[in-house]
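Please open the model in a viewer and keep the selection tool at hand.

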Amino acid sequence: FSARLVAADIGADPISLQELKDATLVLDTNVLFAIALESGHLASAIKSLGGALKAINTTLIYLHTTREEYGRALAARKGVILPLVGIYPDEIIAELGDDFVATAKSRGCVLVEDYKRFFDTLVDIPNEFLNGPRIELEDDNTLNSVREAAEKDGALKKQIRNFSNKYGPKWRDPKSELATNHDATLLHVVRFIKQQEGKKCWILSLDRSLRMCGTALAGPHGVGDLLSITALIELLSVNDAGPGLDASQFGSLLAKLILNECMPPADTFIAQDLILLHNINERAAELPPEEIRKMAKEILKARIEGKAPGDTRLALIINRMYQDGVKSVTENLKRAKSGEQSALGEAAREKTKRQESEAAHLKDRVGSIKWNALKRLILKLFSWASVATVFTLVVVIVYRWVSARSTWEYKDMVNYILAVTPLLLTLWNHAPKLFSEYKNACASATAVASRELKIEQ
């Protein structure tokens, strides 16, 4: 039932799975992009759809005019995304509701140069449906005349434009003449294939307005020439198209398509919103991401409500929000500056405490070094004085002992004293050296203490 309900938007008599077998599907430009963008909102469904299409032996083709339209659409999208990447923070770009950006981000794109390389990888049209049939360029020269006829079909082109204006997303620009020629050619080629070659053939498209146009052309009892990718997925899922189809992938697909094609999610802004924001106020991109996000969502809200891009009230609201944002940033900077000053004051106090503590440790260590030097001086002086005293006592004792002997003469005593005097003088002359060592130790105490405590002077 769900398949019939969803498929009902292509005609009063929905096609069956049997009619899809061995059929030819002419892929619209948007479907080719959905296949190429592996992180788009249809990625999981596209991945499972390939096996199902292969199971029912579907032939997938695209036209020369579609290849040209693909190149124009890619260049246009590149022209929209690259300037935004250069203007807005990466955080804001990453939040865009855009399949191109989502895929680029999944490939690690951040800088403008990254996005340029990303778009270069999309230049070539995919040559196969993921896990499914190959995608071939229909290179039949007989279709050139069909294309010429389509581009001259003014009535059809007018109807395509009318349905685009009525059912197409309101935030997109009207269809260009080249895009209208492309859509008209798709319709003419499908009819040609059906009538001249007797094949089962449909256009597979994500363009809701074109599908509605196809339904109107088919009339109340006919089957249109366009097949919604949503209807195709639901139809294959319900009818069990084969093991290549993971039906669980499609549970929320219809809701996603409605949200993205008819009514975007209330919290997801698109590239056009950021472009309009920049047009209203070029300095808006200089604000923090949270402020940019608020303004972009305000534009999104206005767009959903149907307000025109040049709405003066919207511009007034955005400019007021910008001023509020600037005020908020200024207040945050003041608070940050105040906090910085407070932190600097606290850091200065902590530094003073640390320096005082280090100075106290240094002073204690210097005192300890000087005291140790003094103790060494006293010890050495005492040692040398003791030695000199002992020698002096020995001289006296020897003198007294010798003087008691009758054979010892006075001149012998003088000679003895003269012999030991150099030794005594040597001992006492060493004292100035000891005092010099003490003085040097005291002078270098601060430097030695600093190295030991690892304090920079």
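Which residues does His182 touch, not counting residues up to four places away in sequence? Select His182 together with Asp28, Thr29, Thr65, Thr66 and Glu69, for these are the residues that His182 touches, leaving aside residues up to four places away in sequence; contact means heavy atoms within 4.5 Å.

Before continuing, please note that this is a predicted model, in which local features need pLDDT of at least 70 and side-chain atom pairs count only at pLDDT 80 or more, while totals for chains, interfaces and linings use all residues. Residues are numbered from 1 along each chain as its sequence is written, and side-chain values use heavy atoms, with hydrogens and water left out.

**Stop 1: the setting of His182**

Select residues 177-197, which form helix H11, and find His182 within this helix. Helices (H or I, at least four residues) and strands (E, at least two) are DSSP runs, numbered from the N terminus. His182 counts as buried because its relative accessibility is 1%; buried means under 20% relative accessible area, exposed over 50%, and partly exposed in between (1.4 Å probe, protein chains only).

**Stop 2: the whole chain**

Now display the entire protein chain, which has 20 helices and 5 strands. Of its 457 residues, 39% count as buried. Among the contacts with a separation of 6 or more, 79% are between residues 24 or more positions apart.

**Stop 3: the nonpolar cores**

A nonpolar core is a set of buried Ala, Val, Leu, Ile, Met, Phe, Trp, Tyr and Cys residues joined through side-chain atoms within 4.5 Å. Select Leu25, Leu27, Tyr88, Ile93, Tyr115, Leu122 and Leu274: in the largest nonpolar core, which has 68 residues, these touch the most other members. Helix H5 (residues 64-87) gives the largest share of this core, 7 residues.

Centre the view on Ile93. Not counting residues up to four places away in sequence, Ile93 touches Leu84, Val85, Tyr88, Val101, Tyr115 and Leu274. Then move to a second, separate core of 20 residues, including Phe163, Ala184, Val190 and Ile203.

**Stop 4: helices packed against one another**

Two packed helices are described by the angle between their axes and the distance between the axes. Here the axes are lines fitted to C-alpha atoms, for helices over the stretch in contact, and angles run from 0 to 180 degrees between N-to-C directions.

Select H5 and helix H8 (residues 112-120), whose axes come within 9 Å and cross at roughly 165°. H5 is therefore roughly antiparallel to H8; angles under 35 degrees count as roughly parallel, over 145 as roughly antiparallel, 65 to 115 as roughly perpendicular and the rest as oblique. Where they meet, H5 contributes Leu74, Arg77, Lys78, Ile81, Leu82, Val85 and Gly86, and H8 contributes Val112, Tyr115, Lys116, Phe119 and Asp120.

Phe100, Val101, Thr103, Ala104 and Lys105 of H7 make the contact with Tyr115, Phe118 and Phe119 of H8.

From H5 the contact involves Arg77, Val80, Ile81, Leu84 and Ile87, and from H15 it involves Ala271, Gln272, Leu274, Ile275 and His278.

**Stop 5: a helix with one buried face**

In helix H9 (residues 143-151), select the buried residues Leu143, Val146 and Ala150. Seen down the axis of H9, its buried residues fall within an arc of 50°, so they line one face of the helix; the arc is that of the directions from the helix axis to the C-beta atoms.

**Stop 6: two loops**

Select Asp22, in the loop between helix H2 (17-20) and strand E1 (24-27). Asp22 touches Ile56, Asn57 and Lys200, not counting residues up to four places away in sequence.

Next select Asn57, in the loop between helix H4 (43-55) and strand E2 (59-62). Asn57 is partly exposed, because its relative accessible area is 48%.

Asp22, however, has a positive phi of about 65°, and Asn57 has a positive phi of about 60°.
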